[in-house]
Amino acid sequence: MIERSQADAVGESPHVSDTIDSPADLSLDDIYHLLQTKRRRDVLRYLHHEGGRVRLRDLAEQVAAWEQETAIENLSSSERQRVYISLYQSHLPKLDNHGIVTYDKDRGWVEPTPLVARLYPYLEPPHRTPSSERWPRRYAATIALCGLLLGTIAAGIVPVSGLVGAGLVLVAFATVTGIHAWSTGAFRR
């Protein structure tokens, strides 16, 4: 554990905790535990967007607005207060104890530490690749072509038995599914 001084500089108030986990001590389980609540994730998103020290009041208002899916001006005082209290008493001390933020309760400000950058990749939604959006169309085209093939076989236009037609449909779907799995990296894991 790394010892934290009681005050960062002359005149500053003490931190919520005297010790923090070192960056090496922040395991994947710790990261998931810290990010398990939406409010803490929202705090980190806001800090990332602001890029520095913020007032607790501004942070609480924005988180409350996100939760209520409204503008800050439309929040009621109870909605603001509910978020403010939970951040003040629970979420910010937890982030401070792990060294993710520096939280000064007395002055009402929160500042991200360099360790917060380690959590940002977990906040962003997974990126969809353009090719993943094409796969539903590819499967639909395969269904359409296989349906057309089976229809022509049933009508006697293509002189092939039903069993051979079913085999062709099976091969077509196995091929499309195999290419899909390979392109998404399912076989590389």
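Me: Why are α2 and α4 called roughly perpendicular to each other?
Reply: The axes of α2 and α4 cross at roughly 80°, and an angle of 65 to 115 degrees counts as roughly perpendicular, whereas under 35 is roughly parallel, over 145 roughly antiparallel and the rest oblique. α2 and α4 are therefore roughly perpendicular. The axes, which are lines fitted to C-alpha atoms over the stretch in contact, with angles from 0 to 180 degrees between N-to-C directions, come within 10 Å. This is a predicted model, in which local features need pLDDT of at least 70 and side-chain atom pairs pLDDT 80 or more, while totals for chains, interfaces and linings use all residues. Residues are numbered from 1 along each chain as its sequence is written, and side-chain values use heavy atoms, without hydrogens and water.

Me: Which residues of α2 and α4 make the contact?
Reply: α2 gives Arg39, Arg40, Val43 and Leu44. From α4 come Arg82, Val83, Ser86, Leu87, His91, Leu92, Lys94 and Leu95. Contact here means heavy atoms within 4.5 Å. The residues divide into 6 nonpolar, 2 polar and 4 charged; Ala, Val, Leu, Ile, Met, Phe, Trp, Tyr, Cys and Pro count as nonpolar, Asp, Glu, Lys and Arg as charged, and the others, Gly among them, as polar.

Me: Why does glutamine 62 count as buried?
Reply: Its relative accessibility is 17%, and buried means under 20% relative accessible area, with exposed over 50% and partly exposed in between (1.4 Å probe, protein chains only). Glutamine 62 therefore counts as buried. The residue is in helix α3 and touches Tyr46 and Ile72, leaving aside residues up to four places away in sequence.

Me: What makes isoleucine 143 count as exposed?
Reply: Isoleucine 143 has 52% relative accessibility, so it counts as exposed. Isoleucine 143 lies in helix α6 (residues 130-154). Its C-alpha is 8.6 Å from that of valine 169, which is 26 residues apart from it in sequence. Over the chain of 189 residues, 34% count as buried.

Me: Which residues have the most contacts inside the largest nonpolar core?
Reply: They are Leu44, Leu59, Leu92 and Ile100, in a core of 29 residues. A nonpolar core is a set of buried Ala, Val, Leu, Ile, Met, Phe, Trp, Tyr and Cys residues joined through side-chain atoms within 4.5 Å. The elements that give two or more residues to this core include α1 (28-34), α2 (38-50) and β4 (101-104). α3 provides the largest share, 6 residues. Leucine 59 touches Val43, Tyr46, Val54, Leu87, Leu92 and Val110, not counting residues up to four places away in sequence.

Me: Why is one side of β3 and of β4 left without a neighbour in the sheet?
Reply: β3 (54-55) and β4 stand at the edges with a single partner strand each, so one side of each has no neighbour in the sheet. The open sheet has 3 strands in the order β3-β5-β4, with antiparallel pairing.

Me: How many bridges join β4 to β5?
Reply: There are 4 bridges, and 2 bridges join β3 to β5; strands pair if DSSP finds at least two bridges between them, so both pairs qualify. Tryptophan 109 in β5 is the bridge partner of aspartate 104, and arginine 55 stands opposite tryptophan 109 too. β4 and β5 form a hairpin with 4 residues between them, and glycine 108 in the turn has a positive phi of about 75°.

Me: How many helices and strands does the chain have?
Reply: The chain has 7 helices and 5 strands, these being DSSP runs (H or I, at least four residues; E, at least two) numbered from the N terminus.
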